[in-house]
Amino acid sequence: MAIMEIVKHPAEVLRRKAEPVRKVNASIRRILTDMAETMYDARGVGLAGNQVGIAKRLVVIDTGDGLLQLINPEIVKRSGEIVEETEGCLSIPGWQGEVPRDRELQLKATLPNGRTAWFDASDLFARAIQHEIDHLDGVLFLDRATRVFEVTDDAGEAGDESAQAEPSEATAPKEA
Ligand code: NI
């Protein structure tokens, strides 16, 4: 396993449309494992292939209910109920925005074992999925935000390796 470098805005790969994965093999599973490790290391709730410089449709997500490794994720249904919440992005440190998103959706994805799975997602999970699939399409939260603002890091947050067990405070906007 290895921690990968998280690409920062305005890197070109963040604006690229990621390619579908045609074959799920050991190499894809290895990338997903490294992406998960990278996401946890950065205390994020999601990470897309583009964000580690790999323009393939790969996403890892953990919004508190365990790790999901998704290949070619696709939103198949949206609730149409739009909610606006504060969002951050591991590729855009120091900035957050108010972003309108569907509150609920249905997701289809291939799993690392090659099987297809369907998920019902709501709230933070649904938001993270929309944020990550946007990444795969070269879209950033900045493009969708009704308001963007600069934030200062909490004191002691950066480089504090001892507090890694807790992904983030319940009240803090989640980065993905
Ligand atoms: Ni992001």
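Let us start with Asp-62, which touches Met-39, Tyr-40, Val-45 and Leu-67, leaving aside residues up to four places away in sequence; contact here means heavy atoms within 4.5 Å. This is a predicted model, in which local features need pLDDT of at least 70 and side-chain atom pairs count only at pLDDT 80 or more, while totals for chains, interfaces and linings use all residues. Residues are numbered from 1 along each chain as its sequence is written, and side-chain values use heavy atoms, with hydrogens and water left out.

**Around Asp-62**

Asp-62 sits in the loop that links strand E2 (58-61) to strand E3 (68-78). Helices (H or I, at least four residues) and strands (E, at least two) are DSSP runs, numbered from the N terminus. Asp-62 is buried but has no salt bridge, and Lys-174, the nearest side chain of opposite charge, is 11 Å away. Buried means under 20% relative accessible area, exposed over 50%, and partly exposed in between (1.4 Å probe, protein chains only). A salt bridge puts a side-chain nitrogen of Lys or Arg within 4 Å of a carboxyl oxygen of Asp or Glu; for charge, Lys and Arg count as positive and Asp and Glu as negative, while His and the chain ends are not counted. A polar atom of the Asp-62 side chain does lie 3.2 Å from the backbone nitrogen of Gly-66.

**Lys-77 in strand E3**

Strand E3 also holds Lys-77. Lys-77 is exposed, because its relative accessible area is 53%. Lys-77 touches Glu-104, Leu-105 and Gln-106, again not counting residues up to four places away in sequence.

**An open sheet**

Three strands make an open sheet in the order E4-E5-E8, with antiparallel pairing; two strands pair if DSSP finds at least two bridges between them. Strand E4 (82-88) and strand E8 (147-150) are the edges, each pairing on one side only. On average, neighbouring strands of this sheet are turned by 25° against each other, direction ignored.

E4 and strand E5 (residues 95-102) pair over 7 bridges. Here are two of the facing pairs:

| Residue | Partner in E5 |
|---|---|
| Glu-85 | Val-99 |

Helix H2 (residues 123-136) packs on the sheet, touching E4 and E5, and its direction makes about 105° with that of E5. Axes are lines fitted to C-alpha atoms, for helices over the stretch in contact, and angles run from 0 to 180 degrees between N-to-C directions. The hairpin of E4 and E5 has 6 residues between the strands, and Gly-94 there takes a positive phi near 90°.

Technical notes. Polar contact = N/O pair within 3.5 Å; in protein donor to acceptor, adjacent residues only side chain to side chain.
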